[in-house]
Amino acid sequence: MVTLAEVAQHAGVSASTVSYVLSGKRSISVNTRQRVERSIRELGYHPNAGARALASSRSNIIALMVPLRTDMYVPVMMEIAIAVATTARTHGYDVLLLTGEEGPDAVRRVAGSGLADGMILMDVELDDERLPLLRETDQPAVLIGLPADTTGLTCVDLDFKATGALCVEHLAERGHRDVAVIGEAPAVYERHTGFAERTLDGLRTRARELGLRLLHRPCGGGYDAMAVTLARILDERPGTTGFVVQNEAAVEPLLALLRQQGRAVPEDVSVVAVCPEQVAVQASVRLTSVAVPAQEMGRLAVEQLVAKLGGRGGDEVVLIAPELTVRASSGPAPAP
């Protein structure tokens, strides 16, 4: 392994100069800095993480808290996590991934141990039990998600309330008056998970403004759960012609069940989804959808956190505007 002394000899400077270039503690001339950085690259020098942390009081690690629950669509969570990791590396940070459902204990452990310079929290609930402790610490943090009270917090998220409204508007413009929402698994709503609750708020508010009848039914994953949910919807509202789906695991079972019942998409019923782009374009009927911008959410969260670590960022809420892409699954409401 290349040592700091070997880098100094190769660059023709003292070891302390190399150390100052790495830590940024003293001003170094541009020519000297460039010479040292060139030697670091050519020799493949990597500073010892422990020594670097002691010298700078920084670990150059970001803790990412991703509770992996069975009722959540894990591929989206992992896409966000990958975006966080790749963006963090461009800023010189590694990522410590915490996947357990530890709640405040995880925040307490990271904040109290110096494991990480900052935290990014995912799967945020409206009244998230991690937040009181997070507000008490002085460690920089960013939430991917929106709680009910954002005071003193930095948050990044898709504007899910606007997303719900956009889906309703699209169906209303095509003449649909009875719309059913096939939501996430019941436990997601029982936890008051932010994205699901905000989407539902947007759906209900805009449907009320436009005079649509809206029915919301949570749905577990899989064909059997979808069959029970669809039967219940059509029993309660047989005139339903529009569906909004916010449940990736329910998309393909819903389309299959509609085919079995002789309901053509989009001639008889229209389907709009809130889902990743890949799910929408690979479905058996290409879905009109609002994409979940997982990569952008991960990237923005890291950039917000890096700004805070550098003393440049304040507390703010960054909402990504939704975009609806019209594909083959939505059309005019059928004539009565």
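View 1. The model is a predicted one, in which local features need pLDDT of at least 70 and side-chain atom pairs count only at pLDDT 80 or more, while totals for chains, interfaces and linings use all residues. Residues are numbered from 1 along each chain as its sequence is written, and side-chain values use heavy atoms, with hydrogens and water left out. Strand β5 (residues 155–158) runs parallel to β4, to which it is joined by two bridges; strands pair if DSSP finds at least two bridges between them, and strands (E, at least two residues) and helices (H or I, at least four) are DSSP runs numbered from the N terminus.

**View 2. Strand β3 (residues 118–121) pairs with β4 in the parallel sense over three bridges.** Leucine 121 stands opposite leucine 143 in β4. Between β3 and β4 the chain passes through helix α7 (residues 131–136), in a β-α-β crossover that is right-handed, that is, clockwise from the first strand over the helix to the second with the strands pointing away from the viewer.
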